[in-house]
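Hello,

Here is the structure for you to look over. My notes on it follow below.

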Amino acid sequence: MNKLGMVITAAISLALTGCGGAQTSWETEEVAVASDRLMADSVEAAWAVEGDAGEDASIRLELATKEGKPVEAFDLNHEKLLHLIVVSKDLSYFNHIHPEYKGEGVFEISNVFPAGGAYRLIADFKPTDGDAMTKLTWAEVGGAPAAPQAVVPSESLNSVVAGKRVSLAAEGLVEDEEATLTFAIADEASGEPISDLEPYLGAIGHVVVLSEDGERYVHVHAEADQGTGPEAKFETTFPKAGIYKIWGQFQHRGEVFTVDYVVNVEKRS
Ligand SMILES: [Cu+2]
C-alpha cells in the first residue's frame with residue numbers, strides 16, 4: 001500500500017471509531033500491517049571493518065530498524081540473501097562477494113583489500129516483507145596506500161579478459177534517459193561469438209555502475225528472458241551527467257569473469 005493509501009485508511013478508521021464493531025478493528029489492523037513494511041529509510045546499517053590491507057580483513061554489517069530491532073528475515077534476491085560490492089575510492093579495485101548470514105541481522109565476510117585507503121561498500125538485500133534496498137558506506141582500511149588511478153573514459157569499449165573479448169555498446173548515455181548496455185562476448189583467440197554463457201546469479205550477467213567519485217550507485221537490470229549469449233542486454237538510467245565506471249560480470253564454463261569500462265554521460269540538451 002502506498003503512503004496515500006495508508007493515510008486514507010487511517011482517516012476511515014478514525015471516522016468509524018465512534019461506531020465500534022468489527023469493521024473498525026479490521027481497518028485499524030490494515031494500518032498496522034502497512035506501517036510494518038520495511039522501507040529503505042526505516043533500516044539502518046552499522047558497518048565494521050577490521051584488519052589492514054594485504055591480510056584477511058573482516059567486514060561486518062548489522063541491519064536493524066530505526067528503533068534498534070534487528071532485521072532478521074531476508075528473501076533470496078538473485079540467489080543470495082545479500083550482495084556486497086567492494087570498490088576502492090579510485091574505482092580501480094572491484095570485488096563482488098556474498099557475506100554469510102549469522103542471524104539477528106548480522107552479515108560477515110573476510111576480504112583482502114589490496115592497499116590502504118578508502119573503500120566504498122555497497123550492500124543490496126531485501127528484507128522479507130520489505131522493499132529491496134541498498135546501504136552504502138565508506139570504510140577506511142589501514143596499510144600502505146597505492147598511487148590513485150585516474151578515472152578516465154575508455155578509449156575503446158572493447159575489453160579482453162580471461163580469454164574473452166567483450167565489446168560494450170552503450171546507447172542513451174544522457175542524464176535521466178533510458179540507457180541500454182549491450183555486451184557482446186567472443187572467444188579472444190578464435191573471434192567466435194560465445195553463445196553458451198551460463199546464468200550468473202540467476203541472470204545472464206550482473207552489472208554494477210558507480211559514478212567517478214563513488215557517490216552514485218546506479219541500479220541496472222538485465223533484460224528478461226535472454227538466452228546464453230553472445231549478447232547480454234541491460235537497462236539503466238544515469239541520474240546525472242558525468243563520468244561513470246561500469247563493471248560487467250558473466251560466467252562461462254564455471255568461471256566468472258569481470259570486464260570494466262569508463263563512460264561519459266552527457267548533459268540533457
Ligand atoms: Cu551478488
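**What the model shows**

The chain exposes about 14200 Å², and carbon and sulfur atoms supply 49% of that area. Please keep in mind that this is a predicted model.

**Confidence**

The average pLDDT over the chain is 89. At least 70 is reached by 87% of the residues. Residues 1-33 stay under 50. For that stretch the model has 17 contacts beyond four places in sequence. Where pLDDT is low, predicted coordinates should not be read in detail.

**Overall fold**

There are 17 strands and two helices in the chain. Of its 269 residues, 39% are buried. Take the contacts between residues at least 6 apart in sequence: 61% of them join residues at least 24 apart.

**Copper site**

Which residues coordinate the copper ion? They are His83 through ND1, His96 through NE2 and His98 through NE2. The distances run from 1.8 to 2.0 Å. Along the sequence, the donor residues follow the spacing H-x12-H-x1-H. Histidine 83 sits in strand E3 (residues 82-88) and histidine 96 in strand E4 (residues 94-97). The two are 13 residues apart, and the pair links distant parts of the chain.

Are these two histidines buried or exposed? Histidine 83 has 5% relative accessibility, so it counts as buried. Histidine 96 is buried too, with a relative accessible area of 9%. The cut-off for buried is under 20%.

**Nonpolar cores**

The largest nonpolar core has 25 residues. Phe183, Val207, Val209, Phe234, Ile246 and Phe250 touch the most other members. At least two residues each come from strands E10 (164-171), E11 (178-187), E12 (206-211), E15 (231-237), E16 (242-252) and E17 (255-265). E17 gives the largest share, five residues.

In soluble globular proteins, nonpolar side chains tend to be buried together.

**Isoleucine 59**

Isoleucine 59 lies in strand E2 (residues 56-65). Its relative accessibility is 2%, so isoleucine 59 counts as buried. What does isoleucine 59 contact, leaving aside its neighbours within four places in sequence? The partners include Trp47, Val49, Leu84, Val86, Phe107, Ile109, Phe113 and Leu121. Glu108 and Asn111 are also among them.

Best wishes

Conventions
Residues numbered from 1 in each chain as written. Predicted model: local features only at pLDDT ≥ 70, side-chain atom pairs only at ≥ 80, totals over all residues. Heavy atoms only, no water. Donors = N, O, S within 2.8 Å, 3.2 Å for Na, K, Ca; no water. Helix = DSSP H or I, 4+ residues; strand = E, 2+ residues; numbered from the N terminus. Buried < 20%, exposed > 50% of the residue type's maximum accessible area, 1.4 Å probe, protein only. Core = buried A, V, L, I, M, F, W, Y, C linked by side-chain atoms within 4.5 Å. Contact = heavy atoms within 4.5 Å. pLDDT = per-residue confidence, 0-100. Areas by Shrake-Rupley, 256 points an atom, 1.4 Å probe, with all protein chains shown as cover.
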